[in-house]
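Dear colleague,

Please find the structure below, handed over for your records.

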Amino acid sequence: TYTHTYTPAYTHENTRTHLNFTLLQGENVVMALQCARHLLKMYAAAQKGVAVTGATSYLSCSTTAPQYTAQMSLPALIRAFEHRAKNLVETCVKVLQGCISRGQTPQQAANSTAIELVRAATAHSELFVVKAFAAALGKPSIASKDFSAPLQNLGLLFALHLMEKSPHEFEKLNLTLVREQLRDLLAVVRDQAVALVDAFDISDQYLCSALGRKDGLYAS
């Protein structure tokens, strides 16, 4: 667990005011199942013609896999994440219905479908983060700044990394193109990484860092 694996060199313990841990015992499956339960309710409402809004609005829409290219944009990647999330929710519904048709109670069916439910909740959560990041980048207060381009690269890198982690969940995904774009982005972000991390402005003294100065000038 988080609280049992700290060492003096692992300084996240000192940044509790900066980092929000979901559950300190390290177990968040219960929260994923709660999220999945909400997704199933919203999907059922959408199937009845109710206009679902907010973070689950994609459940009311017809989603399609994007055409994967060598240079995917954030809007195109968001369409891929929406399509993946909706597909996984639909998979949960099919598995649940199959379990119930074989004589299981709704509670037993939910227990039997736990793996699919967690996957659907994870896909929804990752979609939410990518979409929120892209929305923030579109705000005039950020889009007009010099740091907009590095943040755009960071958003692309994060989204593509998630896709590479679970390629089987993205329909018609061209993994070769994803990895090529990842390599290109890593070469760009590598030069920006120190500035991006330093933007948090958490001092080495506060971290009790075992790694030395943040500017890399160890001799001084």
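**Histidine 124 and its surroundings**

Leaving aside neighbours within four places in sequence, histidine 124 is in contact with Cys35, Leu39, Ala55, Thr56, Tyr58 and Ala85, where contact means heavy atoms within 4.5 Å. Histidine 124 belongs to helix α4; helices (H or I, at least four residues) and strands (E, at least two) are DSSP runs, numbered from the N terminus. With a relative accessible area of 10%, histidine 124 is buried. Buried means under 20% relative accessible area, exposed over 50%, and partly exposed in between (1.4 Å probe, protein chains only).

**Basis of the model**

The model is a predicted one, in which local features need pLDDT of at least 70 and side-chain atom pairs count only at pLDDT 80 or more, while totals for chains, interfaces and linings use all residues. Residues are numbered from 1 along each chain as its sequence is written, and side-chain values use heavy atoms, with hydrogens and water left out.

**The chain as a whole**

The secondary structure comprises eight helices and zero strands, giving the pattern α-α-α-α-α-α-α-α along the sequence. The chain has 220 residues, of which 30% count as buried. Among contacts with a separation of 6 or more, 61% join residues 24 or more positions apart. The accessible surface amounts to about 13600 Å², and 58% of this belongs to carbon and sulfur atoms; the areas come from the Shrake-Rupley method with a 1.4 Å probe, and for residues only the protein chains shown count as cover.

One aromatic pair is present in the structure. The ring centres of phenylalanine 81 and phenylalanine 170 are 5.1 Å apart and the planes stand at 75°, so the pair is edge-to-face.

Not counting residues up to four places away in sequence, arginine 84 touches Ala123, Glu126, Ser166, Glu169 and Phe170. Between the C-alpha atoms of arginine 84 and threonine 63, which are 21 residues apart along the chain, the separation is 8.8 Å.

**Two residues of helix α6**

Serine 148 is placed in helix α6 and is buried at a relative accessible area of 14%. Beyond residues up to four places away in sequence, serine 148 touches Leu137, Ile142 and Ala143.

Asparagine 153 is found in helix α6 and is buried, with a relative accessible area of 17%. With residues up to four places away in sequence not counted, asparagine 153 touches Leu185, Val188, Val189 and Gln192. The C-alpha atoms of asparagine 153 and valine 188 are separated by 7.9 Å, at 35 residues apart along the chain.

**Positive phi values in two loops**

Lysine 172, in the loop between α6 and α7, has a positive phi of about 60° although it is not a glycine. Lysine 172 is exposed, with a relative accessible area of 66%.

In the loop between α7 and α8 (204–207) lies aspartate 201. The phi of aspartate 201 is near 55°, a positive value in a residue other than glycine, and aspartate 201 counts as exposed at 59% relative accessibility.

**The second largest pocket**

The second largest pocket is lined by 13 residues, and Arg37, Leu40, Pro106, Ala110 and Leu117 lie nearest its centre. On a 1 Å grid over the protein atoms alone, a pocket is an open set of points where a 1.4 Å probe fits, with protein on both sides within 12 Å along at least five of seven lines; lining residues have an atom within 4 Å of a point. The elements giving two or more residues to the lining of this pocket are α1 (29–47), α2 (74–101), α3 (106–112) and α4 (114–137). Helix α3 supplies the largest share of the lining, five residues.

Yours sincerely

Definitions and conventions. Rings of Phe, Tyr and Trp (its six-membered ring) pair if their centres lie within 6.5 Å; planes under 30 degrees apart count as stacked, over 60 as edge-to-face and the rest as tilted.
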